[in-house]
Amino acid sequence: MLDHTFPYPIPASPKVREIPRDVSGPPGFEIRGLVKRFDGKTVLQGVDLVVPRGQFLAIVGKSGCGKSTLLRLLAGLDQPTEGTIRHGDAQTADTRIMFQEPRLLPWARVVDNVTVGLTGIASGKPARERARRRLAEVRLEDRAGEWPSVLSGGQRQRVALARALVGEPRVLALDEPLGALDALTRIEMQGLLERVWRGQGFTAVLVTHDVAEAVVLADRIVVLDEGRIALDVDVPLPRPRRHGTPEVARLESRILSRLLGGDHAERHGQAPVVVRA
Amino acid sequence: MTALARNSIGWLLPLTIILAWEALSRAGFIAANVLPAPSAVAAAFWKLLLSGELLRNIWVSSWRALAGFAIGGSIGFALGLANGLSRLSRDMTDTTLQMVRNIPHLALIPLVILWFGIGEEAKLFLVALGVFFPIYVNTLLGIQGVDPQLVEMGRIYGMKPARLFWRVILPGALPAIFTGLRYALGIMWLTLIVAETISASSGLGYMAMQAREFLMIDVVVLSILIYALLGKLADTFARLLERRTLAWHPAFQT
């Protein structure tokens, strides 16, 4: 399939990568031999991945490559068919997931939507206090008392981010959280996401089809193809990174060309959907 | 437009109709034995009010309506919840309920009279049966229509079933439940009027039937007007409740 375009053949069972930094510290999470089948269809076929605590990992791939499934397994929304996911010293409950849709409760005020993130952790006044602090972090403190329906798409997604972070999770799983936003709001949100991540040091796992977004935000990019890790690269660029700089563009095109694969592009005569708009 | 003006504009048309009606009656275009003038109806109202007969009948009718509504509505609500939340419950009861729903409940009147005579039970039974279905169907639809993504979100954040119900499922089903409530209120009065007209020894329907026997057409018209007012009152109450609980809904934000 993709093999001849790669400088090295894809191993049948990719080895766990050695990570130069943070090897002494506990891993954020550790995935071993992960297999997921739905009705006989294998979506993930043996994924091994060790992510150090505090790393910003991006997972890119074509639609149907299994990236969202991997994220759902990581967040504990589904159970793996085979293999294990170990969450360092933390519990699955310490993993929060953010979706492409904000999924706010339309009948709860903004601040009460954020306190949903404190279910089982805090309630009443202390919960509201914490929620307000998070809202200030995403620059929405003055909208705390409003209904979600009056907010814009980007603002709703910021509320969802505040809700995901208010419980101070160790791992934040992001399933294309910026996919539905317009280009400008998206770049703003990327900046916000990076700022919040640097401020708090949780492990972030971002699933995206937008390679440029991955390059701008991530420490490390994993390319998933047909349920396997096809590529695993570090992004050693200094932060904050900006869209369109030569280093970013170079890495982006390198990953894109591997993602598309000569084989695939030739057969269809054009680039598949993964190309960024 | 001020809020007061907006609220009162709806009353402009009924008021005009009454004034025109009065004028036509006085001018002799409408015979008093076909339709009495509003002033005659008002006189009948005053007379019945003083004798206490009117208030007693309104009270009896309202009590029947509300009691029947409470019984049928709560059973419908409970079954709607159960069938919306539990697949097993739905599989067991929904087919039966859908079959019964297709019988017009007023068709049961002869049977109900045989069972209960013309006592209170007959009226309560009919009203309860009438309001049961709109409440049941809409509660079920409301719960089934709750966004599954929100339910998943609630689970991800560790909501236990009770919390999930109060914070996600019930509020999500509420708009549909209110549709059922308002529909049921209409059916409540309709059923009661029919039931009281056919078999009763008190209540507004009975008052109207008695008046017909004695050709007191002003009292008949008065009963009809009071029904209209009571229906409007119930609807206003439901709207008010809806406004308060659905303040988050874009349709209620002005």
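**Close-up views of strand pairing in chain A**

**View 1. Glu30(A) stands opposite Arg86(A) in S4(A).** S1(A) and strand S4 (residues 82–86) of chain A pair in the antiparallel sense over four bridges. Two strands count as paired if DSSP finds at least two bridges between them; strands (E, at least two residues) and helices (H or I, at least four) are DSSP runs, numbered from the N terminus. This is a predicted model, in which local features need pLDDT of at least 70, side-chain atom pairs count only at pLDDT 80 or more, and totals for chains, interfaces and linings use all residues. Residues are numbered from 1 along each chain as its sequence is written, chains are lettered from A and ligands numbered from 1 in the order in which they are written, and side-chain values use heavy atoms, without hydrogens and water.

View 2. Strand S1 (residues 27–38) and strand S2 (residues 41–52) of chain A are antiparallel partners over nine bridges. Arg37(A) lies opposite Thr42(A) in S2(A).

**View 3. Six strands of chain A form an open, mixed sheet in the order S5-S6-S7-S3-S8-S9.** Strands S5 (95–98) and S9 (228–234) of chain A are at the edges, each with a single partner strand, so one side of each has no neighbour in the sheet.

**View 4. Strand S3 (residues 56–60) and strand S7 (residues 203–208) of chain A pair in the parallel sense over five bridges.** Here Phe56(A) stands opposite Ala204(A) in S7(A).
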